[in-house]
Number of protein chains: 4
Amino acid sequence: MTATLAWNRYGKAQVRLVKVRRQHDPHEIVDVTIDVQREGAFEPVYKDGDNRLCLATDTTKNTVYAFARQDEINHVEAFAERLATHFAEQPAVSRARISAVEHPWQRVSVAGQPHPHAFLRPGGEQWTVVAICDSEGTQVTSGLTNLVVLKTTDSGFSGFPRDKYTTLPETADRVLATSVTASWRYRRGTADFAVRDRIRQALVETFAAHESRSVQHTLHAMAEAALDVCADITEITISLPNRHHLLVDLKPFGLDNPNEVFVATDQPYGLIEATVRRT
Amino acid sequence: MTATLAWNRYGKAQVRLVKVRRQHDPHEIVDVTIDVQREGAFEPVYKDGDNRLCLATDTTKNTVYAFARQDEINHVEAFAERLATHFAEQPAVSRARISAVEHPWQRVSVAGQPHPHAFLRPGGEQWTVVAICDSEGTQVTSGLTNLVVLKTTDSGFSGFPRDKYTTLPETADRVLATSVTASWRYRRGTADFAVRDRIRQALVETFAAHESRSVQHTLHAMAEAALDVCADITEITISLPNRHHLLVDLKPFGLDNPNEVFVATDQPYGLIEATVRRT
Amino acid sequence: MTATLAWNRYGKAQVRLVKVRRQHDPHEIVDVTIDVQREGAFEPVYKDGDNRLCLATDTTKNTVYAFARQDEINHVEAFAERLATHFAEQPAVSRARISAVEHPWQRVSVAGQPHPHAFLRPGGEQWTVVAICDSEGTQVTSGLTNLVVLKTTDSGFSGFPRDKYTTLPETADRVLATSVTASWRYRRGTADFAVRDRIRQALVETFAAHESRSVQHTLHAMAEAALDVCADITEITISLPNRHHLLVDLKPFGLDNPNEVFVATDQPYGLIEATVRRT
Amino acid sequence: MTATLAWNRYGKAQVRLVKVRRQHDPHEIVDVTIDVQREGAFEPVYKDGDNRLCLATDTTKNTVYAFARQDEINHVEAFAERLATHFAEQPAVSRARISAVEHPWQRVSVAGQPHPHAFLRPGGEQWTVVAICDSEGTQVTSGLTNLVVLKTTDSGFSGFPRDKYTTLPETADRVLATSVTASWRYRRGTADFAVRDRIRQALVETFAAHESRSVQHTLHAMAEAALDVCADITEITISLPNRHHLLVDLKPFGLDNPNEVFVATDQPYGLIEATVRRT
């Protein structure tokens with residue numbers, strides 16, 4: 001049998017980096033988990049066990065920390081770009097991919113004042129960045145994940161087709177809950193990474209205000225709102241799991257349930273995903 | 001062989017309850033996961049397979065939802081007390097234990113104004129309640145978990161004993177990070193469940209302000225501060241995992257590291273726990 | 001306000017230890033995660049920030065690895081006893097608790113023969129050990145967790161009381177599935193730690209063979225069987241979450257469902273726990 | 001602004017299905033978690049909130065269970081194909097994707113004999129299937145995940161390049177541990193889904209026997225072995241996280257460590273992935 005190495009990728013995953021900017025007063029902190037992956041012409045490593053091209057993944061990890069010492073990391077996007085460029089320049093590498101998840105911290109407030117060096121990590125929501133460097137240049141994608149939102153009204157689902165397996169009743173008023181994952185591409189060369197908060201606010205406000213006829217319908221409105229508030233992004237991909245809140249049937253106990261008591265379920269769940277692109 | 005049923009407990013775990021208070025304008029929401037457990041004289045159930053005393057755990061779940069319909073659930077503590085009392089009154093039950101985890105939601109703000117029916121769940125931090133009802137009456141414990149905090153200075157660890165297995169250097173300035181779990185007991189009969197926020201603030205502010213000589217030292221100061229701000233609590237138990245932030249050695253790369261670049265580690269971790277009681 | 005340190009405990013959690021016994025042919029391997037916790041008279045550490053009694057948790061971790069070098073670790077129980085005794089002898093310590101979770105590996109088989117140095121970790125099931133050393137001596141508890149079993153028949157649930165919140169129908173034939181957690185105490189001084197496999201087999205065989213009238217009923221039979229096969233254990237505690245398999249209602253689609261198609265649910269779940277003691 | 005729906009996909013995730021084949025003696029069981037996703041011309045659903053094309057994800061779930069009643073599910077692959085074909089035929093759908101994870105159960109053995117209706121779920125390893133149906137026809141991919149293996153010798157890593165960030169020493173003898181994820185494509189039209197066990201055995205045996213110069217080197221040998229034992233598969237993709245086992249430095253305690261005592265680490269980890277294709 002003859003076989004060919006059709007695709008390959010290697011690197012270090014889950015490099016946990018915390019940087020304290022101490023020269024700043026008050027202190028600032030950045031907390032990020034980074035994956036580095038490289039593709040390229042590594043056939044001798046795989047086929048012959050010849051490691052002359054195989055930079056150790058341990059070296060990859062060291063590089064991340066050494067770069068972090070020499071970089072302010074004001075935007076994780078820019079830091080990811082620098083890492084991607086560095087790794088793409090190594091022998092045999094055709095493509096370097098940096099994936100970063102940023103864990104946001106808030107400054108603790110004491111007696112109503114921001115504290116100079118104590119922080120609180122709310123958990124849940126995270127910022128994401130992917131930077132890919134290849135012969136075409138560098139492409140950065142920013143995003144967020146685990147942004148959990150819910151609305152208690154202004155959401156219905158009706159008019160859908162009914163086949164022989166359909167039992168779901170139509171509803172004009174349901175609870176809509178989801179955990180938003182979104183990522184957006186910047187126009188090449190012009191990225192202002194400070195737009196994150198504006199995009200996030202557009203997503204949240206649209207979720208809140210939209211008269212939803214389906215998860216798809218709200219997803220599309222959120223995507224349009226994000227494209228509207230930031231001319232520098234060319235497309236946005238949104239993933240919305242439907243975190244079903246099922247109305248509990250209380251009739252067996254002689255009670256009504258006027259859309260008040262729900263069981264929140266984990267599985268199964270509807271999953272709606274789409275990319276909306278500026279034209 | 002003869003054997004005796006030395007202890008037993010049964011019930012329903014992970015009952016997911018979401019209640020929307022729609023008669024309020026704006027809507028309010030409570031989101032809680034509840035465990036119900038009963039102890040008692042259930043020998044015939046275990047030994048003989050006689051189920052005449054064995055209320056189904058499914059019934060337990062139904063009861064939680066039916067009670068939720070008829071209760072405002074302004075405080076999860078009071079709701080847990082009612083459930084505990086109900087289950088403790090059933091045949092054969094000597095002790096009922098309700099354990100609840102509340103998942104906090106914040107109101108979404110749109111254009112600077114709170115939205116009437118859209119919410120955001122920050123994730124991470126959760127409120128906890130345990131209500132136990134037995135022949136002594138009902139005891140309520142409130143708490144919080146997964147409150148993640150970090151300080152970039154004002155923390156040292158030195159003067160500790162050095163035995164033959166000690167390699168840790170002394171430090172006068174380290175990053176201190178932890179995920180706080182705390183629970184406190186109310187004086188019987190007088191509980192004002194609205195004190196939660198005050199206790200939480202005392203814990204956070206003390207963590208921030210304390211000149212820490214060890215995790216133990218800071219834990220004790222936090223506990224005292226909580227007892228100080230709320231005369232109705234008689235004791236507090238705090239658990240502080242030490243989320244070690246290890247300084248990265250950059251010397252091999254010709255770089256210094258003036259307390260700036262850290263690797264955040266998950267395991268192993270120091271774990272410090274104590275109960276401080278008012279005397 | 002005056003406050004007293006009512007209880008305290010500290011140590012290192014999640015120490016990941018893998019030992020290869022290379023002097024053996026074929027190689028043997030032990031893989032264990034260890035928690036060390038100490039209680040004692042540590043008031044000065046908490047109240048005054050005086051660390052002279054506070055052995056670093058980092059030292060604790062080092063000690064585990066140093067002991068592992070000098071011990072065959074033929075039984076995790078005996079290794080845990082040695083560690084507990086060591087830590088209990090340190091200044092101020094009144095009680096040392098070692099908790100260990102062993103991750104079992106199986107030898108890979110190649111062409112039907114056991115391989116001398118390749119192993120497969122099936123995952124799921126784990127062995128557990130707790131050794132506590134205090135002024136009373138040392139007490140060892142062994143156990144297992146995450147042993148997932150299911151039977152497709154020989155399980156019913158009927159004859160239970162029906163109150164106003166009961167909707168569950170009686171059943172004479174249901175799927176019974178659970179994840180067994182068990183722990184048993186050895187008679188002091190006489191423990192033969194090789195009995196694990198025999199106890200595990202008694203638990204599994206009894207689960208399979210028992211005509212179950214309830215989870216409680218089967219739990220009790222399993223406990224008795226374990227006590228029967230090993231005279232050296234004095235009591236056993238078993239925890240059985242009821243992993244409900246709900247029959248899917250296929251009538252809306254013109255189909256019957258003669259106990260064939262189920263939805264396996266994660267939550268909520270019944271939870272049954274008991275201790276059975278030899279008398 | 002004008003925007004276009006560049007890509008979209010929706011469906012039901014995490015449908016938990018357990019089927020008992022009772023007409024068989026002894027009983028047989030299949031346990032699987034299924035995701036259904038559809039792509040297609042759903043613009044009116046997204047843009048206009050017009051649900052006439054939007055089959056409810058609840059209907060999708062019902063369909064899975066109804067099909068399960070009418071299918072033996074002897075191979076999850078064939079069941080996934082049937083579902084994919086069904087969903088691809090619905091209005092507006094251009095592509096249906098079924099992703100399934102099978103949780104294997106073993107028959108309990110009692111007194112050395114297989115039990116007719118009691119099962120044990122070892123946990124850990126899972127089988128995976130993806131079936132995609134579009135205008136090109138149906139493509140099935142089978143695989144496995146979470147197959148955890150370790151070898152205590154016959155693994156080295158040396159000869160790799162040393163740049164300014166390289167500190168890793170060369171080693172001729174290290175512990176190699178990984179969690180194998182693999183997936184393979186069948187030649188269209190000829191798939192014999194019974195080859196799974198043969199491919200798995202080839203992967204495990206090659207891992208065990210290979211004189212490894214790197215993870216890449218072993219991955220390639222495993223892929224070739226899989227292609228060798230099954231002429232019906234055209235390519236295989238393997239992902240191998242390097243579960244680093246770091247030798248503990250015991251010199252500070254006056255002890256050597258002849259490759260015996262290791263700390264098993266979770267993060268960071270090397271991650272090696274490749275596709276090997278028959279030519």
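The legends below describe a predicted model.

Figure 1. Chain A contains five helices and twelve strands. Its C-alpha trace spans about 75 × 70 × 40 Å along the principal axes. Among the contacts in chain A with a separation of 6 or more, 65% are made by residues 24 or more positions apart.

**Figure 2. The interface of chain B and chain C.** Chain B contributes 72 residues to this contact, and chain C contributes 72 residues. The area buried between the two chains is about 6,100 Å², and carbon and sulfur atoms give 57% of that area. Between chain B and chain C, 28 residue pairs are in polar contact, with both residues at pLDDT 80 or more. On the side of chain B that touches chain C, the elements giving two or more residues are strand 1 (3-21), helix 1 (43-48), helix 2 (57-69), helix 5 (215-229) and strand 12 (269-278) of chain B. Strand 1 of chain B provides the largest share of this side, with 14 residues. Sorted by class, the side of chain B that touches chain C comprises 29 nonpolar, 28 polar and 15 charged residues.

**Figure 3. Salt bridging between chain B and chain C.** Two salt bridges are found across this interface. One salt bridge links Glu273(B) with Arg9(C), and the closest N and O atoms of this pair lie 3.1 Å apart.

**Figure 4. Strand pairing between chain B and chain C.** Strand 1 of chain B and strand 12 (residues 269-278) of chain C run antiparallel and are joined by ten bridges. Within this pairing, Ala3(B) stands opposite Arg278(C), a residue of strand 12 of chain C.

**Figure 5. The interface of chain D and chain A.** The contact draws 72 residues from chain D and 72 residues from chain A. Together the two chains bury about 6,200 Å², with 57% of this area on carbon and sulfur atoms. Polar contact is found for 28 residue pairs across the interface of chain D and chain A, both residues of each pair being at pLDDT 80 or more. The side of chain D that touches chain A receives two or more residues from each of strand 1 (3-21), helix 1 (43-48), helix 2 (57-69), helix 5 (215-229) and strand 12 (269-278) of chain D. The largest share, 14 residues, belongs to strand 1 of chain D.

**Figure 6. Salt bridging and strand pairing between chain D and chain A.** The count of salt bridges between these chains is two. Glu273(D) and Arg9(A) form a salt bridge in which the closest N and O atoms are 3.1 Å apart. Ten bridges pair strand 12 (residues 269-278) of chain A with strand 1 of chain D in the antiparallel sense. Ile272(A) has Tyr10(D), in strand 1 of chain D, as its bridge partner.

Key: Residues numbered from 1 in each chain as written. Chains lettered and ligands numbered in written order. Predicted model: local features only at pLDDT ≥ 70, side-chain atom pairs only at ≥ 80, totals over all residues. Heavy atoms only, no water. Contact = heavy atoms within 4.5 Å. Buried area = accessible area lost by both parts, 1.4 Å probe. Salt bridge = Lys/Arg side-chain N within 4 Å of Asp/Glu carboxyl O. Polar contact = N/O pair within 3.5 Å; in protein donor to acceptor, adjacent residues only side chain to side chain. Helix = DSSP H or I, 4+ residues; strand = E, 2+ residues; numbered from the N terminus. Nonpolar A, V, L, I, M, F, W, Y, C, P; charged D, E, K, R; others polar. Pairing = 2+ DSSP bridges.
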